[in-house]
Amino acid sequence: MAKRIIQVEEKVPFKMLLPLSVQHMFAMFGASVLVPYLFGINPAIALFMNGLGTLLFILITKKKAPAYLGSSFAFIAPATIIIKNMGYQYALGGFVAVGFCGCILAGIFYKFGTKWIDVVLPAAAMGPVVALIGLELSSSAASTAGLLDKVVDPKNLIVFLVTLLVAVFGSVCFKKFWSVIPILIAVVCGYVAAVLCGMIDFTPVLKASFFAIPHFQFPKFNINAIVMMLPVLLVIASEHIGHQLVTGKIVGRDLIKDPGLHRSLFADNFSTMISGLIGSVPTTTYGENIGVMAVTGVYSVQVIAGAAILSIICSFIGPVAALIQTIPNPVIGGISFLLYGMIGTSGLRVLVDHQVDYGKSTNLILTSVIFVVGLSGIKISIGNISLSGMVLACMVGMILSLVFHLLGKCHMLNEE
């Protein structure tokens, strides 16, 4: 029996809305709070901005693009250097500048259209690029779960397996309402297993004050910090296009055309700009939440908006935020293990749905080169920015596709 799909514009009753929204919030939480930890700031401000940024994204994209915005990892390398040498407020200035330039880039896309995407990212290139979004994160999921440690802790393994197996078999076997919240159920079961294994320390929850205001601060601007940060725009633009492509394939709609890449890219970067202005970390569309949609078949923006509102509320309620922070890494790793795999499978689905003909050497070469570049670990540095994985593979694929397109045009001219 086919899974019931809850489409983008559909409303869900409150008894379903709450658990579905909590599910999305939990899915993004583990990765999203890591970025503010690395920057040495309280994660509460990131929770606040993730929620606000998501609501802005939904509004700007006219409620047509289901996406949850979490903390961006693309800024970590340059921001860490700026924070060390100048202080966090100058990094905030860099976030604002990158977000502003991203909004200008969105305007360029609006002016000149997006037909070029079909040229530089044909199905033979788009499929592996989308697949790499999930595949390159697979080691991250295993690392988060503690499975790549020299000596694997049996407790980590138990909690990881409980979480993963509940998510896997729940997605297949659960019926009716339970079938749309397997991720949430898996998180709860994994957490219970962690409690039984003695892995949870509730001291931070007991000590947290009930009401706490996130720490807001304002940016300072320095031209050197801004120049150091600007190359990140190349990374986040490529990442954003990839996420919109894979989300479109999952929900069965061309989000590049409607609501349009210009709207979603503007919303993404506008959120990052606001983040910098209030003291939070940059935001981006999140692979974990794309994975949740792929697993559950729930694409409703109402559900994602509900998760955003919950995230904002949690940023002000100390014990709740502290409780969520006690979720152990093996639980997050177990969930991510499945979600990243689902994103990878979505990329392979692109190849199947478009019936890519690998009898054509150009298709075979495109897919092969993109996969090898993305999974080989190759890195190219531009200043303090390192391009690797999906981003580098996407750029190589776009250049190669464009070359093949121009060669094809030249061949046609020669024939004429």
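I started at Asp258, which at 40% relative accessibility counts as partly exposed (buried is under 20% relative accessible area, exposed over 50%, partly exposed in between, with a 1.4 Å probe and protein chains only). Before going on, I noted that this is a predicted model, where local features need pLDDT of at least 70 and side-chain atom pairs count only at pLDDT 80 or more, while totals for chains, interfaces and linings use all residues. Residues are numbered from 1 along each chain as its sequence is written, and side-chain values use heavy atoms, with hydrogens and water left out.

What does Asp258 pair with? I found a salt bridge to the side chain of Lys64, 3.2 Å from N to O (the rule is a side-chain nitrogen of Lys or Arg within 4 Å of a carboxyl oxygen of Asp or Glu). This pair links distant parts of the chain, 194 residues apart: Asp258 sits in helix H14, and Lys64 in the loop between helix H3 (43–60) and strand E1 (69–71). Helices (H or I, at least four residues) and strands (E, at least two) are DSSP runs, numbered from the N terminus. Lys64 is partly exposed as well, with a relative accessible area of 31%.

Arg253 is in the loop between H13 and H14 and Glu9 in the segment before H1, so the pair ties together parts 244 residues apart in sequence. Arg253 is partly exposed at 31%, and Glu9 is partly exposed at 46%.

I also looked at Gly252, in the loop between helix H13 (232–251) and helix H14 (256–278). Gly252 is exposed, at 63% relative accessibility.

**Thr283**

Is Thr283 buried or exposed? I get 3% relative accessibility, so Thr283 is buried. Thr283 belongs to strand E2 (residues 283–285). Its side chain makes a polar contact of 2.7 Å with that of Ser271 (a pair of N or O atoms within 3.5 Å; within protein, one must be able to donate a hydrogen and the other to accept it, and residues adjacent in sequence count only if both atoms are side-chain atoms). Leaving out residues up to four places away in sequence, Thr283 touches Met49, Asn50, Leu69 and Asp268, among others; contact means heavy atoms within 4.5 Å.

**Cores**

The largest nonpolar core holds 92 residues, and Phe26, Leu121 and Ile250 have the most contacts inside it. Helix H1 (residues 14–32) gives this core its largest share, nine residues. Apart from it I found another core, of 25 residues, including Ala46 and Ile312. A core here is a set of buried Ala, Val, Leu, Ile, Met, Phe, Trp, Tyr and Cys residues joined through side-chain atoms within 4.5 Å.

**Helix H17**

In H17 (residues 318–325), I see Gly318, Ala321, Ala322 and Ile324 buried. Down the axis of H17, the buried residues fall within an arc of 160 degrees, so they line one face of the helix; the arc is that of the directions from the helix axis to the C-beta atoms.

**Cysteines**

How many disulfides are there? I count zero, the rule being a pair of cysteine sulfur atoms within 2.5 Å. For Cys101, the closest cysteine sulfur is in Cys103, at 9.2 Å, too far for a bond.
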